[in-house]
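These are my notebook entries on one protein structure. I set down what I looked up, entry by entry.

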Amino acid sequence: EGGPGGAPPQGGPGGGGAESEVDVADGEIPEETAGPYPGDGSNGVNILTESGVVRSDLTTSFGSASGVAEGVPVTIKLKVYDLTGTDVTALAGAAVYLWHCDRDGNYSMYSEAVADENYLRGVQESAADGSVQFTSIFPAAYDGRWPHMHFEVYQSLADATTYTNKLRTSQPALPEDVCREGYDNVAGYEASVANLASTSLDSDTVSA
């Protein structure tokens, strides 16, 4: 996995990042690689220890960085469930770390053009109903990858400080019709139009 100007993949299986050792049971989301740009301490930098990382709006950088990610606004809603018992129940108080590339396919903290930024990364604590919500921008489609986001689930905010504590890692692929509508009609996503046309979920370098 790598966007324009991205650092070379390194680290664990699947092109970088560390894998969870949790077994996947029936009904659970599949375990995925975190990729080479996780920012969770498994491949260099660790944003999870930074003050300000717990936030819902991911469009701006924080701390000493001040960049703003331009692009189509998007709201991401996820729910965390506890499947350890006989009943499926919402998991309150869990932490979800979400990250993705920007409109140009660059990953903050890694890609040369945005190495000094930390936008499009953040952590939220799940509510009583297990829900978390983020405000961000629609990510690019870059060469070899279907448009996607990344997330890691932790037992609590206190645990969400290093990849070694994560429960699960996944990469949701984004709907094709929504991608085409956004890329075709919004300035700044021109490269994504061509990249999406030459990629499919079957040929995706991670999902295939």
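I took contact to mean heavy atoms within 4.5 Å. With that cut-off, I found that residues 24 or more positions apart account for 70% of the contacts in the protein with a separation of 6 or more.

Basis of the entries. I worked on a predicted model, in which local features need pLDDT of at least 70 and side-chain atom pairs count only at pLDDT 80 or more, while totals for chains, interfaces and linings use all residues. I number residues from 1 along each chain as its sequence is written, and side-chain values use heavy atoms, with hydrogens and water left out.

Secondary structure. I took helices (H or I, at least four residues) and strands (E, at least two) as DSSP runs, numbered from the N terminus. I listed two helices and eight strands. Along the sequence their order reads β-β-β-β-β-β-β-β-α-α.

I used accessible areas from the Shrake-Rupley method with a 1.4 Å probe; for residues, only the protein chains shown count as cover. The protein exposes about 9,600 Å², of which carbon and sulfur atoms supply 49%. I called a residue buried under 20% relative accessible area, exposed over 50%, and partly exposed in between (1.4 Å probe, protein chains only). Of the 208 residues in the protein, 47% are buried.

Cysteines. How many disulfides does the structure hold? I searched for pairs of cysteine sulfur atoms within 2.5 Å, and the structure holds zero disulfides. Cys101 counts as buried because its relative accessibility is 0%. Cys179 is buried as well, with a relative accessible area of 0%.

Second largest pocket. I searched a 1 Å grid over the protein atoms alone; a pocket is an open set of points where a 1.4 Å probe fits, with protein on both sides within 12 Å along at least five of seven lines, and lining residues have an atom within 4 Å of a point. Grid points are joined across faces, edges and corners, and a volume is the space filled by probe spheres set on the points. The second largest pocket has a volume of about 190 Å³. Its lining comprises 13 residues, and Glu50, Ser64, Met109, Asp116 and Asn118 lie nearest its centre. I sorted this lining into six nonpolar, four polar and three charged residues, where Ala, Val, Leu, Ile, Met, Phe, Trp, Tyr, Cys and Pro count as nonpolar, Asp, Glu, Lys and Arg as charged, and the others, Gly among them, as polar.

Positive phi. Most residues other than glycine have a negative phi. I noted a positive phi near 80° at Met109, which sits in the loop between strand E4 (95-99) and strand E5 (121-125). Met109 is buried because its relative accessible area is 18%. Leu120 has a positive phi near 60° and lies in the loop between E4 and E5. At 0% relative accessibility, Leu120 is buried.

Ala90. Which residues is Ala90 in contact with, leaving aside its neighbours within four places in sequence? I found Val80, Tyr81, Ala128, Asp129 and Gly130. Ala90 belongs to strand E3 (residues 89-90) and is partly exposed at a relative accessible area of 34%. From Ala90 to Ala128 the C-alpha to C-alpha distance is 7.3 Å, across 38 residues in sequence.

Ser203. I located Ser203 in the segment after helix H2 (190-197). Ser203 is partly exposed because its relative accessible area is 41%. Ser203 and Gly144 are 59 residues apart in sequence, with 7.8 Å between their C-alpha atoms.
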